[in-house]
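Let's take a friendly walk through a structure. Have a look at it first, and then we'll go through some of its details.

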Amino acid sequence: MLSETILEMKDISKSFPGVKALDSVDFKLRKGEIHALMGENGAGKSTLIKVITGVYGKDAGLITLQGESIHFKAPEEAQNKGIGTVYQEIMLCPNLTVAENMFIGRSHSLVVNWKQMNEKAAQLLDSLGIPASPVQELTSCSLAVQQMIAIARAVDMDCKILILDEPTSSLDEDEVHKLFKLMRELKARGVGIIFITHFLEQVFEISDRITVLRNGKLVGEYETTSLSQIELISKMLGNVLEDITKIQKHEPIVSDTSIPVFEGIGLSSAAGVRPFNFVIQRGEVNGFAGLLGSGRSESARAIFAADKVTGGEVRMKGKSVKIKTPLHAIKQGIGYLPEDRKGDGIIDDLSVRDNIILTLQVMKGFFKPFSLKQAETFAEEYIKKLNIKTPTPDTPIKSLSGGNQQKVILARWLLTNPEFLILDEPTRGIDVGTKVEIQKLVIKLANNGMSLTFISSEIDEMIRTCSRLIVMKDREIVGELKGTELTETEVMNVIAQGGKNPCLN
Amino acid sequence: MASVNVFKPKARLSNSNILFLIAAVIFVVMYLFAIISFPNSFMQFQTFFDLFNLNAPLIIMTLGLCIVMIGGGIDISIGAVCGLVTMACAVFLESKMGSIGGAVLVALGIGVAFGILQGYLIAYLEIQPFIITLSGLFLAQGLLTTLHKDPINVTMPAFVGLRDFDIVIAWLGTRNRLGVFIPSEIKLGTVIVVVLLVILASLMKWSRFGRNVYAVGGNSHSAMMLGINVKRTIFITYVLSGLTAGIAGFVYIMTTGAGNVGNAAGAEMKAIASAIIGGTLLNGGVGNLLGAPIGTLTLLVINELIRAAGVQSNFQAMVSGLLLYFFIVLQSVIMSLRDRRRFGIALPPWLRLSGKEQTVGQGES
Amino acid sequence: MPKLIKHFSHLVLPVSVMTLLIIINLIKGADYFRITMVNGAFYGNIPNILFGASELVILSIGMTLVTAASRGQDISIGVSATITSAVFVQYVLQAGEVTLLTIVVGFLLSCVIGLLLGAFNGTLVSVFKVQPMVASLILFTGGRSIAFMIDGKLSPILANDISNQIGTVIPGVPIQTPIILTVVFIALVAVLFKTTNLRLYVETVGINPNAARLNGINPKKIIFLTFLIMGICTAVAGFIAVNKAGRHDSVNLLKLIMMDAILAVAIGGNSLIGGKFSITGAIIGAYTIEMLNRTLLRLEIEPATIKVFKAVFIIILMVLSSPVVRVFMKKALDRFRSWRLSISQPKENALSTTNIAEKKEE
Ligand SMILES: Nc1ncnc2c1ncn2[C@@H]1O[C@H](COP(=O)(O)OP(=O)(O)OP(=O)(O)O)[C@@H](O)[C@H]1O
Ligand SMILES: [Mg+2]
């Protein structure tokens, strides 16, 4: 059965200063299909989306929507033509209420009926199980809830085409399933869905067809059933990926007498985690596991003093130290890669170079600036090491693709050579190839004696790298797993039982 | 769809509302204080109405400015445009073809023309609003002096009638020392203020345009992605602000009856201060139009109080600066008390929000 | 070479404006650049601009920093300068016999006052999170009456030789003293930037204060610091202004200069909502504004309409430099080029050479 094409793109090209983000790309979306768009970081997926919706004008090419040639000048027009989009970066207005964010820009009536809007929003939130109230301000929602709201908004639009750019990057498994159920419903109604993600299992679970981009060029379009994971990966990367299972976990040699690198007792912060104890040895990789909102990020932030510290004692290598601000933590050799890259990580107008050297420069001191040459050397070293895709080190970081921005932040911390590095969702929005690279890097750093705390929504990733997992639920530590206990089911068990082996305090 | 959670009063106050509330409470407290300290002047309804009667232009300008500020912009041309309008109206009314209807058209025309020019440059050519409206200020001042340099007293009978027209509220008034009942009087300007306030506040709260302004002010890039025509929205805010400046100019001349080079000079700073005190943030996205008159009145009452207290004229500016200081610090402290994540101060229970995604700081340490 | 152009692209605007103004002036009279020697010092149009813009240049530097770090503007600068200079004048008048030491001590004292005023604004902005324009509104409202008090409700006159020389020329030096002071000040600022990380810190804080904090920069301290620097700038500007005037007029001294300072910052290619900044741009912007003012005078435009011309000039300037118009012109230029190419080599596919700039850059 040949289903009808709703969206067709031909020979699309788009350049940014210094990069050709899209180079004669063809793309075809059919009615009632879920079409995955795959590619490495910086392959041009988001750019392709933004060309469709009119965020960027295209340099060349042709787009037809149901046989009619289109050229959107603004996302508004795309929306009016029945294209609903969830962008990679959450695009909502923080000062409006949840309900307004779901309906603004969509209605054509001149007046706003608050009551009706709130009711509709409440229904929608309820049906998707989003824990938010329609009348609360968006700022008071967590990142994941915001993402769900953005999805709810797009889904609710009576659209012909739904575009989802990495919608699952900060979602739980549960929420992902809800989303998939919804996508299947829409598909049955004949909506064409473009779905971007770096989670391969999700692609194979839900998509019908896959289009692969590499370096802005089209690699090809495939039926999902005709591809294996390995084939897909090699199409995306252009070469064959090392087997993930080859990653050898590093088991630290910990004797009872060794002094921990970091030891925190009764740590708590204004972000609201229960006071907890935390210990990490030299060369150890451990992690905080738990569902969204379980307090894993808050715990990490409490260690780094990223939120206001409200209590606790800290010993570094046996010596009692004061860590009240991030600067104290940095000076003690602690690093922290934050979860919210856009809000807490990148300095978006500054160059890649400045973003890389920032923390090292702060450690060196206000009165000791690096020379430009030194800074260049550092930046170039890490751009090469982490394979960061940027036209020049002078390019502002905001024009890099999401995954490459993440690498820059990682480079920033690696440059400071910390003794203890906390990585909060370092692989979010990162392509498979790089994900493996990062996991390997974590192991390598640990082998060289660095202590790392690794936090990720993907439990399998944590199990692969961590030798000890601290399980959290409701902002409290409910268990600790190591050695043979480290399996996905065991982690889920601990979470479900809310503390099989109540620990520590 | 088991639990429909619409009307549970669990959402905390939005920034716009809490800032407005602070402003309103402070204003009421201050007014009560004024009544207690100086009962014979502040007890009278007329004193209250006169605040409006005499300052209607400023309140009107502040309304327009608030809209621009909520949209994330700023308009510092309003005072000068208002001044230009007074002079243009005066010249027109004194000319042979002068008529009140024509003068209204002149006022609105000048205001809207400035609004369109500035709005176009700011919204569609993406030029910094401060610079454009500063040029607008220069332009209006320059046109004003080019048009006419000396004061003009409008003598046209119809206009004088309009100027002196009072609406008498027979049932509301005060008895003077002799026990004679003096009813309150309000000027046309006050009526215009109220009408505009109702219209514009409703516009911001219940119209699609109004909500778009909030969205654009909150995050213009997101607003664009959400399908809002950002440029048009910004453009309209400036047109509205120009329009209100024009209306303010007409009300101004209706109050004073004269065109003068110094009319409404420096009013932009007063309007900005009023808007801010009324709870509109310069960053955009936060504000409440009802706060505009409250902000203006707060400033005015401060001045009245200082005068009533017999503060030496040299000190008056200092004292009002000091009061402004207390006001601003108070506003900031209340806001920070609420914003736990950044300031880490536990909330008082009555401000606390239930709901799972809300984290309330743990008191113990 | 292209790299160099890119590096200075933010200066294109102020420099081209300056060039335009010079051309206008040359058309008006070819003697624009003539410099005459009077009593051993240089005078003429250019020296006058350098002389007249001294205070504005210094204040623009402070304004650029404040804007970059705190994403807002300090509108109290003229008032602050009035207060600092009032203190200076009182000290000098009280000292009886005026020596160089008196002046220096008086100046240092006014710097301390400047720092205090800066600290006042800075505390409000950094600790209390008040927006800069609002915070400085307080001093803006009450400051002049403080200066009036300090003056003892008079406008005291600075009638001594040293002040006179600071305000005009020192015998034997061919360049007017305010110009020298400005240059020295700029040099000091340059040294400050060379020897510290001020730029990186300020830009980081201005762009993303959250991230700055997580990377060990205390945004409060940096914002506070920029206000302190602003305090010094106001003290220096006040010092120059009062010595130029020879008399302390607490009502009119440097009145409304904040508007020009903000304008200078913007003409210099800086965003008024913080982040990356260029001090050089602001300095050139300040000189441009002075040049514009003097050009309008030189063109003998009627005083009543002078502001209209100023406004129109600034608007045209901003329109030409607006991002939208720039992209539009670039496109037009590219099209023109490809059109010419297609004429000269009719067989080649002209379109392939076009490299049209992106429509939107966010
Ligand atoms: N606004 C912009 N300005 C300049 N360059 C840009 C801009 N947006 C994207 N790019 C560049 O275009 C290329 C493609 O970026 P894009 O965001 O489309 O990648 P992506 O496939 O979505 O990657 P990711 O998986 O990391 O999100 C990258 O090299 C990026 O640096
Ligand atoms: Mg992307």
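A:Asp11 sits in strand 1 (residues 5-16) of chain A; strands here are DSSP runs of E with at least two residues, helices are runs of H or I with at least four, and both are numbered from the N terminus. This is a predicted model, where local features need pLDDT of at least 70 and side-chain atom pairs count only at pLDDT 80 or more, while totals for chains, interfaces and linings use all residues. Residues are numbered from 1 along each chain as its sequence is written, chains are lettered from A and ligands numbered from 1 in the order in which they are written, and side-chain values use heavy atoms, with hydrogens and water left out.

Back to the strands. Most residues other than glycine have a negative phi. A:Asp11, however, has a positive phi near 50°, and A:Ser24, in strand 2 of chain A, has a positive phi of about 45°. How exposed are they? A:Asp11 is partly exposed, with a relative accessible area of 43%, and A:Ser24 is partly exposed too, at 36%. For these words, buried means under 20% relative accessible area, exposed means over 50%, and partly exposed is in between, using a 1.4 Å probe and protein chains only.

Next up is ligand 1. It is surrounded by 20 residues, and the closest are A:Gly42, A:Lys45, A:Ser46, A:Thr47 and A:Ser399; a residue counts as near if one of its heavy atoms lies within 4 Å. Strand 2 (19-30), helix 1 and helix 14 of chain A each supply at least two residues of this shell, and the largest share, 3 residues, comes from helix 1 of chain A. The table lists some polar contacts, meaning pairs of N or O atoms within 3.5 Å; within protein, one must be able to donate a hydrogen and the other to accept it, and residues adjacent in sequence count only if both atoms are side-chain atoms.

| Residue | Polar atom in | Distance to an oxygen atom of ligand 1 |
|---|---|---|
| A:Asn41 | side chain | 2.9 Å |
| A:Gly42 | backbone | 2.8 Å |
| A:His198 | side chain | 2.9 Å |

The protein covers 92% of the 630 Å² of accessible area that ligand 1 has on its own, as worked out by the Shrake-Rupley method with a 1.4 Å probe, where for residues only the protein chains shown count as cover.

Which residues coordinate the magnesium ion (ligand 2)? They are A:Ser46 (OG) and A:Gln88 (OE1), at 1.9 to 2.1 Å. A:Ser46 lies in helix 1 (residues 45-53) of chain A and A:Gln88 in the loop between strand 6 (83-86) and helix 3 (98-103) of chain A, so the pair ties together parts that are 42 residues apart in sequence. Both A:Ser46 and A:Gln88 are buried. Donors are N, O and S atoms within 2.8 Å of the metal (3.2 Å for Na, K and Ca), and water is not among the atoms, so sites may look incomplete.

Now for helix 14 (residues 402-415) of chain A. At 1.5 Å a residue, its 14 residues should span 20 Å, which agrees with end C-alpha atoms 20 Å apart; the expected span is 1.5 Å times one less than the number of residues. Helix 14 of chain A has 14 of its 14 residues buried, so it is largely enclosed by the rest of the structure.

Finally, C:Asn208 is in the loop between helix 10 (198-207) and helix 11 (209-214) of chain C. C:Asn208 counts as buried at 9% relative accessibility, and its side chain reaches the backbone oxygen of A:Lys342 at 3.4 Å.
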